[in-house]
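Please view the sequence and the structure below before reading on.

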Amino acid sequence: MTEMTSEGGDWDVDIRRAYGKKHIKNTEPGKEGWLGNPHIATEGISKHNKCPYCGRQHTREEAIDLFETLLRNKLSTDKEFQEKFKELSGKTLRTDCSKDEPCHGDAIIKILEEQENSTEGGSPS
């Protein structure tokens, strides 16, 4: 089962943006930042603070939804990305999100579980 951690401890794959700039849209699969969400939750911080990727303000949920769309598109068009993504199954994903708030890692786990269920004929894992 794939899970997330924001604690120090053991983790297998870092899903954070690298250096605040490397993310799913500009990083090679498997490299630092390749699963980072380019969309940043900015709503409520300042009316002048906008997402550097698209120039809009987002709630946390909107930023995650935008990431899920990017992820699904990437998985449907990039074979190398698909193969690397499959390797996440059963791994612990490193994030900065606290356990009580939504995270783009939830979208990663959701899609991994969908893939696992579809390859197992729909049976729960």
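## Salt bridges and surroundings

R72 has a relative accessible area of 32% and is therefore partly exposed, a class lying between buried (under 20% relative accessible area) and exposed (over 50%), as found with a 1.4 Å probe and protein chains only. The model is predicted: local features need pLDDT of at least 70, side-chain atom pairs count only at pLDDT 80 or more, and totals for chains, interfaces and linings use all residues. Residues are numbered from 1 along each chain as its sequence is written, and side-chain values use heavy atoms, with hydrogens and water left out.

Side chains of opposite charge can pair when their charged atoms come close. Here a salt bridge is a side-chain nitrogen of Lys or Arg within 4 Å of a carboxyl oxygen of Asp or Glu. By this rule there are ten salt bridges, and the table presents some of them.

| Salt bridge | Closest N and O atoms |
|---|---|
| R16 with D14 | 2.7 Å |
| R72 with E114 | 3.0 Å |
| E87 with K84 | 3.2 Å |

R72 lies in helix α1 and E114 in helix α3 (residues 104-119), so this pair ties together parts that are 42 residues apart in sequence. Helices (H or I, at least four residues) and strands (E, at least two) are DSSP runs numbered from the N terminus. E114 is partly exposed, with a relative accessible area of 36%.

In the pair of E87 and K84, E87 is partly exposed at a relative accessible area of 45%, and K84 is also partly exposed, at 30%. R16, with a relative accessible area of 26%, is partly exposed. A network of salt bridges links R16 with D14, R94 and D96.

## The loop between β2 and α1

Is H23 buried or exposed? H23 counts as buried because its relative accessibility is 8%. H23 is placed in the loop between β2 (13-14) and α1 (60-77). Leaving aside residues up to four places away in sequence, H23 touches R17, G33, W34, G36, N37, P38 and Y53, where contact means heavy atoms within 4.5 Å.

E43 is also found in the loop between β2 and α1. On the surface, E43 gathers with E61, E62 and D65 in a patch of negative charge. Such patches are made of residues with over 30% relative accessible area and no salt bridge, like charges being joined within 9 Å.

Technical notes. Patch = residues over 30% accessible without salt bridge, like charges linked within 9 Å, V, L, I, M, F, W, Y side chains within 5 Å. Areas by Shrake-Rupley, 256 points an atom, 1.4 Å probe, with all protein chains shown as cover. Lys, Arg positive; Asp, Glu negative; His and termini not counted. Charge placed at Lys NZ, Arg CZ, Asp CG, Glu CD.
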